[in-house]
4 protein chains.
Amino acid sequence: MAGRTEPTEILRSKIRIRNPLLRNLLSEFLGTLLLLFVGTSIVAQFILSHEKLNTWIQINVGWGFAIAFCVYATAKTSGGHLNPAISLVMVTFGRLSIAHFFLYSIVQILGALLGSGLMYTLYYDAIHSINITQREQIMLFCSYPPDHLSWTGAFVDQAIGTGFLAFFVCVVIDKRNKIPDVVHPLFFGFILMMIGMAAGFNLGYPINPARDLGPRILASILVSKEAFGAMNGLYWIAPAVAPLFGAVFAAWFYHIGFGAHLPEIEGERRDLIAKEESALPLKQFEQ
Amino acid sequence: MAGRTEPTEILRSKIRIRNPLLRNLLSEFLGTLLLLFVGTSIVAQFILSHEKLNTWIQINVGWGFAIAFCVYATAKTSGGHLNPAISLVMVTFGRLSIAHFFLYSIVQILGALLGSGLMYTLYYDAIHSINITQREQIMLFCSYPPDHLSWTGAFVDQAIGTGFLAFFVCVVIDKRNKIPDVVHPLFFGFILMMIGMAAGFNLGYPINPARDLGPRILASILVSKEAFGAMNGLYWIAPAVAPLFGAVFAAWFYHIGFGAHLPEIEGERRDLIAKEESALPLKQFEQ
Amino acid sequence: MAGRTEPTEILRSKIRIRNPLLRNLLSEFLGTLLLLFVGTSIVAQFILSHEKLNTWIQINVGWGFAIAFCVYATAKTSGGHLNPAISLVMVTFGRLSIAHFFLYSIVQILGALLGSGLMYTLYYDAIHSINITQREQIMLFCSYPPDHLSWTGAFVDQAIGTGFLAFFVCVVIDKRNKIPDVVHPLFFGFILMMIGMAAGFNLGYPINPARDLGPRILASILVSKEAFGAMNGLYWIAPAVAPLFGAVFAAWFYHIGFGAHLPEIEGERRDLIAKEESALPLKQFEQ
Amino acid sequence: MAGRTEPTEILRSKIRIRNPLLRNLLSEFLGTLLLLFVGTSIVAQFILSHEKLNTWIQINVGWGFAIAFCVYATAKTSGGHLNPAISLVMVTFGRLSIAHFFLYSIVQILGALLGSGLMYTLYYDAIHSINITQREQIMLFCSYPPDHLSWTGAFVDQAIGTGFLAFFVCVVIDKRNKIPDVVHPLFFGFILMMIGMAAGFNLGYPINPARDLGPRILASILVSKEAFGAMNGLYWIAPAVAPLFGAVFAAWFYHIGFGAHLPEIEGERRDLIAKEESALPLKQFEQ
């Protein structure tokens with residue numbers, strides 16, 4: 001293996017962070033930054049083109065792939081949460097301490113804020129020359145409630161939407177469901193696509209306190225304080241808090257209703273290997 | 001494996017249901033509930049946004065992923081039928097008793113009813129403030145025939161649509177086609193997407209007696225008795241009964257026309273069969 | 001293994017066709033029948049809903065999945081050609097005799113004809129109550145050229161479109177590209193989606209003589225002789241003949257330009273097995 | 001293995017190019033040609049149908065699959081760059097020499113030019129009979145800036161878009177992320193879909209100097225010198241140069257921020273590394 005002399009391996013030997021906490025915080029920070037850079041750009045393309053050069057399906061599919069590939073980028077270090085609600089679920093699963101949860105959340109929010117700032121760079125010319133309302137300008141960054149929605153409705157919406165996410169994430173990562181590691185991030189993306197088609201109508205499914213709050217702070221600076229103004233200044237609390245409740249509830253609902261009753265795994269890996277062997281290549285065409 | 005001390009493993013050691021029938025009924029009940037919660041929300045987003053924030057493609061893709069991930073959640077326990085028509089196919093394959101088929105169907109219908117009730121919670125504000133017709137209110141829950149369709153046409157439509165489903169499910173789970181277990185649920189999702197694009201025009205492809213009947217009962221309470229009123233009160237029978245005929249016919253059509261003639265899997269591949277048999281999503285329940 | 005007493009295994013022991021040619025002809029016949037049943041239904045949903053409950057993307061995606069799953073149904077017996085142009089490529093690869101090619105083509109055309117007839121059953125009510133032009137009625141079954149297109153243009157279009165198909169099919173099945181068997185049909189589906197987005201504007205990409213000619217015969221009976229009338233009765237020859245040339249040209253273009261120069265495979269399977277072992281399950285969450 | 005007597009194997013034994021540089025240049029040339037043939041046809045279907053028989057989603061999905069399958073066709077020989085910006089990243093990774101980078105770029109540009117010429121063949125009749133503006137005629141081949149965009153904005157847009165591509169390509173090919181070889185090209189396709197939904201609004205995401213410059217040269221001949229005229233003749237430089245900067249920056253940003261800190265793959269997993277190294281789509285050329 002000649003890898004040791006590759007430039008990227010030399011870099012690695014020099015700068016590698018070996019402290020797991022520092023490494024994971026960097027991973028969550030940059031991962032959430034990337035996610036929001038891509039994700040808010042998708043929303044911007046939707047809004048700036050007046051919903052023509054991106055319709056709702058692209059919001060769904062684009063964000064789905066954004067989640068998938070940002071999780072691929074971070075899964076092997078921090079686990080690829082990129083969302084305080086998912087981190088909190090991991091706390092209740094005994095896989096993350098409360099202290100680390102707060103640190104994760106802070107860097108996730110900060111990453112989200114900066115990521116949406118980079119979107120602003122990408123679409124700077126367009127934002128300043130295309131006519132969109134102040135409300136739309138805010139929605140480039142974060143959710144803004146429609147007139148039909150009450151605060152309770154917003155809270156319920158965010159709890160349910162994030163609940164869907166946490167529930168299906170638990171389905172995917174439960175080792176007894178035997179879904180190979182390597183497809184987990186892609187499946188998270190498919191799950192997000194589905195959620196955007198089911199629970200996107202009320203608020204546009206932020207379902208991630210960092211994704212909503214971080215960019216909202218930036219919007220209040222770059223656009224208007226009105227970013228925090230909806231529902232007499234109380235709206236923003238719903239997408240910042242409800243996901244935490246919804247995610248934890250749904251994750252444990254999964255384990256109580258489904259996971260706890262799954263049949264035990266035995267001698268699994270051997271079968272699996274044998275199977276992979278006998279199911280590979282060679283197309284058969286009859287003669 | 002340090003799993004024994006994880007909170008989810010402790011929970012499991014305490015509440016695990018070891019009676020297969022009870023476990024499977026819980027799985028089918030909650031699985032169908034989840035499926036309809038997500039699925040009717042997708043339809044609601046289509047209707048409430050006046051087909052803008054969800055067009056038909058999202059009905060197809062969203063329901064496809066909903067099937068896929070709800071089957072992933074239930075495949076290892078009950079086999080993930082979530083549909084009486086599929087359960088009946090399993091009866092004819094000798095994998096489920098008639099008695100269990102009725103129990104499965106009851107919990108599937110009940111789960112579907114409650115699942116659509118949860119959709120009502122998610123979109124409560126919207127349903128009560130956005131102007132939609134009574135017919136559309138019913139269609140939030142279940143199918144309603146268009147004017148062009150006769151009762152016979154509805155029956156044929158549901159038999160054909162569910163036939164497509166059962167046929168292609170049989171293709172996927174036939175061990176001689178060597179499609180790995182782990183992708184079965186995802187492929188079921190793709191198949192449902194395809195069916196929604198081919199056989200969705202007449203009735204919106206319920207193709208599942210539980211999916212249609214359960215929520216229809218709730219719609220008759222929450223919206224109007226008219227939910228059961230179409231075609232002089234006879235319409236609802238078509239999507240409740242035709243899928244059973246269509247699915248059984250198509251499943252055996254597969255085996256007569258295709259499956260029976262597949263080349264044998266030889267020698268080195270016995271382990272593959274053994275493995276797949278013990279983990280097939282649509283097997284392994286009946287006791 | 002208890003499989004021998006399953007009803008489907010009992011059926012198999014009684015009716016299994018062991019003559020490879022008969023079995024393959026049945027497979028190609030029924031596979032093409034299914035493909036056209038699903039496929040023309042997708043087109044019908046597009047036309048009958050006036051391009052609302054199916055837009056062009058669903059033509060692409062729906063047909064893609066239809067190909068994928070009909071090939072899964074037939075791959076292990078006949079190889080899943082479902083298209084005389086692909087069968088002809090196999091003749092030039094020495095995997096099918098000329099005599100068998102003609103037999104394959106005949107059953108493919110017959111299957112396609114009957115499959116589109118089943119679509120007519122599914123949408124019988126709609127076809128007879130929704131107002132569409134005669135041209136659209138014909139297009140439920142087969143392609144019909146737009147005004148801008150010359151006969152040469154139609155021929156070139158079909159040769160190119162089928163060429164794309166054959167080229168990328170050869171990429172996928174070339175064992176030196178190491179794409180596992182089990183994803184071949186799915187990839188064929190993705191390839192067809194892509195072709196429909198690139199080469200669908202002129203004629204709607206039939207790119208399959210059986211798919212176009214079989215249903216055209218039925219359309220000339222059920223709708224009007226005008227099905228064969230376009231371009232002074234010469235149009236139909238283009239989609240019936242050009243695919244054969246395009247496919248063979250493109251398949252050999254692949255082997256001359258790409259396949260012939262691929263590095264040799266050595267000791268491949270051992271590495272692959274080892275790799276699968278080390279890349280399976282177990283999510284890592286840092287603590 | 002009876003392969004030696006198959007016609008394609010006989011061809012291979014006669015014409016196989018064993019000089020790696022020649023073989024790789026042929027692979028990059030033909031791969032980029034195919035990519036642009038399919039890709040510009042997708043754009044043409046969008047423009048010629050007045051954005052009806054192809055909406056923006058098909059641009060995204062179609063190009064994504066085009067990348068995926070053109071990389072599958074070329075990955076095992078040249079590594080499937082098909083883009084000078086990716087080739088330059090490989091130079092900085094020590095996997096390609098500067099001299100070869102220039103040769104790669106030249107054949108990529110040439111292939112792109114000819115590929116768009118083949119699109120012109122496919123849509124010759126349509127281009128000459130359907131009414132589109134000169135600007136749209138140019139956009140059949142290459143990007144053309146909208147009025148809202150400054151030159152700096154165009155440069156930033158292309159640097160960011162190509163940066164997304166290079167970043168996520170590095171995520172996928174980093175062996176420590178353990179994403180199996182065989183899905184790399186498909187994932188590149190998904191990544192391109194995502195980028196088209198996030199960074200497509202300004203310029204239509206060429207993010208590939210060969211893809212933009214090659215067809216632009218042909219457009220200046222077939223359509224009008226105005227192909228090079230936008231922004232006082234300076235526009236074309238942005239998509240031709242900015243991708244190189246963006247890609248290299250993003251690739252190293254990945255390694256500095258993520259790749260360098262990934263946990264080591266231990267003991268039993270050495271074979272995994274060895275395997276992946278010998279078959280990675282973006283490796284294994286340079287001599």
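Tutor: A salt bridge is here a side-chain nitrogen of Lys or Arg within 4 Å of a carboxyl oxygen of Asp or Glu. The side chains of K52(B) and E51(A) meet that rule, with N and O 2.7 Å apart. The model is a predicted one, and every value below is computed from it.

Start with chain B against chain A. Five salt bridges are found across this interface, and 16 residue pairs are in polar contact, both residues of each pair having pLDDT 80 or more. On the side of chain B that touches chain A, at least two residues each come from α1 (7-15), α2 (20-48), α3 (56-74), α5 (98-122), α6 (124-129) and α13 (270-279) of chain B. Of that side, α2(B) gives the largest share, twelve residues. By class, the side of chain B that touches chain A has 30 nonpolar, 14 polar and 14 charged residues. In all, 58 residues of chain B are in contact with 57 residues of chain A. The area buried between the two chains is about 5100 Å², and carbon and sulfur atoms give 70% of that area.

Now chain D against chain A. Chain D superposes on chain A by a rotation of 90° with 0.0 Å of shift along the axis, at an RMSD of 0.1 Å. This is the relation of a four-fold axis. The C-alpha of chain D nearest the axis belongs to I57(D), at 5.6 Å. The two copies use different surfaces, as 2% of the contact residues of chain D recur in chain A.

The contact takes 55 residues from chain D and 51 residues from chain A. Between them about 4600 Å² is buried, with 70% of it from carbon and sulfur atoms. In chain D, the residues that lose the most area to chain A are M197(D), F201(D) and H261(D), which together make up 16% of what that side buries.

The count of salt bridges between chain D and chain A is five. One salt bridge joins R12(A) to E264(D), with N and O 2.9 Å apart. On the side of chain D that touches chain A, the elements giving two or more residues are α3, α8 (151-173), α9 (184-198), α12 (237-257) and α13 (270-279) of chain D. The largest share of that side, nine residues, comes from α8(D). Its residues divide into 31 nonpolar, 14 polar and ten charged.

A further salt bridge links E51(D) and K52(A), whose closest N and O atoms are 2.7 Å apart. This pair crosses between chains, and both residues lie in the loop between α2 (20-48) and α3 (56-74) of their own chain. E51(D) is partly exposed, at a relative accessible area of 33%.

For contrast, take a pair inside chain D. D212(D) and R216(D) form a salt bridge at 2.6 Å, N to O. Both lie in helix α10 (residues 209-222) of chain D, four residues apart, about one turn of the helix. D212(D) and R216(D) are both buried. Elsewhere, E9(A), R12(A), K175(D), R176(D) and E264(D) are joined into one network by salt bridges that share partners. Over all chains, the structure holds 36 salt bridges.

Conventions:
Residues numbered from 1 in each chain as written. Chains lettered and ligands numbered in written order. Heavy atoms only, no water. Buried < 20%, exposed > 50% of the residue type's maximum accessible area, 1.4 Å probe, protein only. Contact = heavy atoms within 4.5 Å. Buried area = accessible area lost by both parts, 1.4 Å probe. Polar contact = N/O pair within 3.5 Å; in protein donor to acceptor, adjacent residues only side chain to side chain. Nonpolar A, V, L, I, M, F, W, Y, C, P; charged D, E, K, R; others polar. Least-squares fit on C-alpha atoms with pLDDT ≥ 70 in both.
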